[in-house]
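Subject: Structure handover

Hello,

Here is the structure I promised to pass on.

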Amino acid sequence: MDKFFNHIVHGGDYNPDQWIKTKEVWDEDMRLMKLAHINSATINIFSWAMLEPQEGVYNFQWLDEIMDKLYENGIDVILATPSGARPPWMAQKYPEVLRVEENGIRNEFGVRHNHCLTSPIYRQKVREINRKLAERYKNHPALKMWHISNEYSSECHCELCQEAFRSWVKDYYNGSLDDLNERWWNGFWSHTLTDWSQISSPKSRGENHVSALKLCWKRFVTDNHISFYENEIAPLREITPTIPITTNFMRMYSGINYQKFAKHVDLIAWDNYPFWDEDDTEKIAVGTAFCHDVNRSLRGGQPFFMMESTPSNANWHPVNKLHKPNTLGLTSIQAIAHGADSVQYFQWRKSRGGHEKYHGAVVDHCGHENTRVFKEVADLGETLEKLSSVVGERCESKVAVICDWENMWATEYFCGYNNLHRDYVDECIKWYKPFWKRGIPVDVISMNDDFKKYDLVLAPFMYMINNDTEGKIKNFVENGGQFVMTYLSAVADTDDRCFFGGLPSNSLKDVFGIWCEETDSLLENSNNKATFNGKEYDVNVVCDIIHANTAKVLGTYESDFYKGEPSVTVNSCGKGKAYYAAFRNDGDFTDDFCKMLIDDMGVSSDADFAIPNGVAAKKRGDYTFIMNFSDEERTVDLAGEYENILTGEKSADKIHLPVRGYAVVKK
Ligand code: GLA
Ligand code: ZN
């Protein structure tokens, strides 16, 4: 299902439990929420100590009251399970619920998260409190969605987790230690294991040079999060089968494979905290657009929630600048344009004390509505009400960039070539940007996703590959697709063992019509160049020295002993084409190369008008969203008549955008 609401959800984290002693604040909150066009509140996120002040002693009265109050005021509830933080009594009585760090030391009670995901006691406690919540609120008319825990993250190295890891590894290698030794290449440095009990999590004082172990650990940590989550949601699925379930992801957090976790939620939700005004605006804009597209692609294009964002500033950036006027609107409109069905904030009301008291909120410490931020939120709320028809609409893309979580790990773990720069995600963004700036919709997928629905797939630095993906690439190209791979791709298998017989691996040499003999790494001051279409580019970081077999050479190296060897190739294979860009360039090459592809293939843009520099355009449903990320005002010539949805103008042919301005138009 794509549509959980009929309107854009506008709300966010609301912590009424912090004002339990001054309940007049609750009434004031209701008045203010209506003024701000808030239609949803996410509550109970960190309320365990309030719900269960002593073991087995429950207090739901305050939650009943606030649920009723929100309902009476027309505000939907997204109800959180409280496992993101637990009461002190629990840590005191059951120390095993606390996390053990990589150094082997068990944490004391403190902060939040900070728990062991394996601990049977913690899992039981979580199940119990969740069952109570589900039983109590299953028929409450305000309950619209479950928000599970909060930003699942991190790892525990306790003995329970070590045991769980060992048994995970044993399963993964079908009980064959022999096979594991072979795949981990344990003959090297005398590492041959003779018993499963010799396996332990990677750590700086222990094993940290076996990349297959490190990959297995990340896979285990992912699976352990999923099983913890499944344990949390079991009572909810049983008691409230029709209430959708989600949990909030964090940007490109590498600790959990979101591409795997995504299959277990009903919809994706993620927390968006761009460093606007702290870095180059266009860079932030493209990085954020990319994250939205990653999240939208996690469940095959299903719309998602922007579960958190800040209305003004954060408190955990190194320097927390205030959002300049309009930033809030621009951030939110960008999310909607890329497939979000919600604009939610952290948080509704600023805490009086505690670690996050200086984090931006809709209602500041002054406590009233006469603030710049409140007015912007209220204006935006009104704007969002005009956009209800996009809810549930998918963005369709014919282009995909592969940004694969497993490759995010693998490209960090191998030792060799240029150890200073890997930058996997940034490389993916580099290949995404040429499309983004031209208004061409892009999905960002994993190597395990289906390629068939695309015309063009780009796989930057796809170092690690599995048999399936290799077969899919071959099929895709033979059937008319265009596939782009870059340097250091298809080098190693899923245990980080190198392929024999020259790169890229196995059948891909024929698909690309090349073979790669060596890979050079560039020193910072190197001046190596490559040409492409008559233009010269720097060779940065690494480059493959390849030979064209059946491929056509589109560019060559200009320097070093490989001068004259191919740097860019294309091979016709079946009905499609396979491109290989053998070098990394940190300048214009990617843009020029993608422009050639776009022109050759006639890839169509979401905008049938010229997009000025620094402006982005994205289509969703019948609407085209136009956003000014430049530092100057811009006028967009629409080359035709459009309805301006936000101003109501029926036949606009030009749109004027102030700095951080945006428009939504319909043909
Ligand atoms: C995260 C958390 C919130 C809050 C915000 C602050 O996203 O989920 O609880 O701490 O950060 O930015
Ligand atoms: Zn543990």
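Predicted model: local features only at pLDDT ≥ 70, side-chain atom pairs only at ≥ 80, totals over all residues.

The ligand site
Ligand 1 is surrounded by Phe46, Arg112, Asn150, Glu151, Asn248, Asp271, Tyr273, Glu308, Trp316, Phe346, Glu356 and His359. By class, that shell holds four nonpolar, three polar and five charged residues. Three side chains are worth a look for their polar contacts with the ligand. In His359, a side-chain N or O atom is 2.6 Å from an oxygen atom of ligand 1. For Asn150, the distance from a side-chain N or O atom to an oxygen atom of ligand 1 is 2.9 Å. For Tyr273, a polar side-chain atom lies 3.4 Å from a ligand 1 oxygen atom. On its own, ligand 1 has 300 Å² of accessible area, and the protein covers 96% of that.

The nonpolar patch
Trp185, Phe188 and Trp189 make a nonpolar surface patch of about 420 Å². Phe188 sits in the loop between helix H7 (177–183) and helix H8 (211–239). Its relative accessibility is 46%, so Phe188 counts as partly exposed.

The loop with Gly300
Look next at the loop between helix H10 (281–297) and strand S8 (304–308), where Gly300 is found. Is Gly300 buried or partly exposed? Gly300 has a relative accessible area of 37%, so it is partly exposed. Ala262 is 38 residues away from Gly300 along the chain, and their C-alpha atoms are separated by 9.9 Å.

Best wishes

Note on methods
Residues numbered from 1 in each chain as written. Chains lettered and ligands numbered in written order. Heavy atoms only, no water. Near = heavy atom within 4 Å. Polar contact = N/O pair within 3.5 Å; in protein donor to acceptor, adjacent residues only side chain to side chain. Areas by Shrake-Rupley, 256 points an atom, 1.4 Å probe, with all protein chains shown as cover. Nonpolar A, V, L, I, M, F, W, Y, C, P; charged D, E, K, R; others polar. Patch = residues over 30% accessible without salt bridge, like charges linked within 9 Å, V, L, I, M, F, W, Y side chains within 5 Å. Salt bridge = Lys/Arg side-chain N within 4 Å of Asp/Glu carboxyl O. Helix = DSSP H or I, 4+ residues; strand = E, 2+ residues; numbered from the N terminus. Buried < 20%, exposed > 50% of the residue type's maximum accessible area, 1.4 Å probe, protein only.
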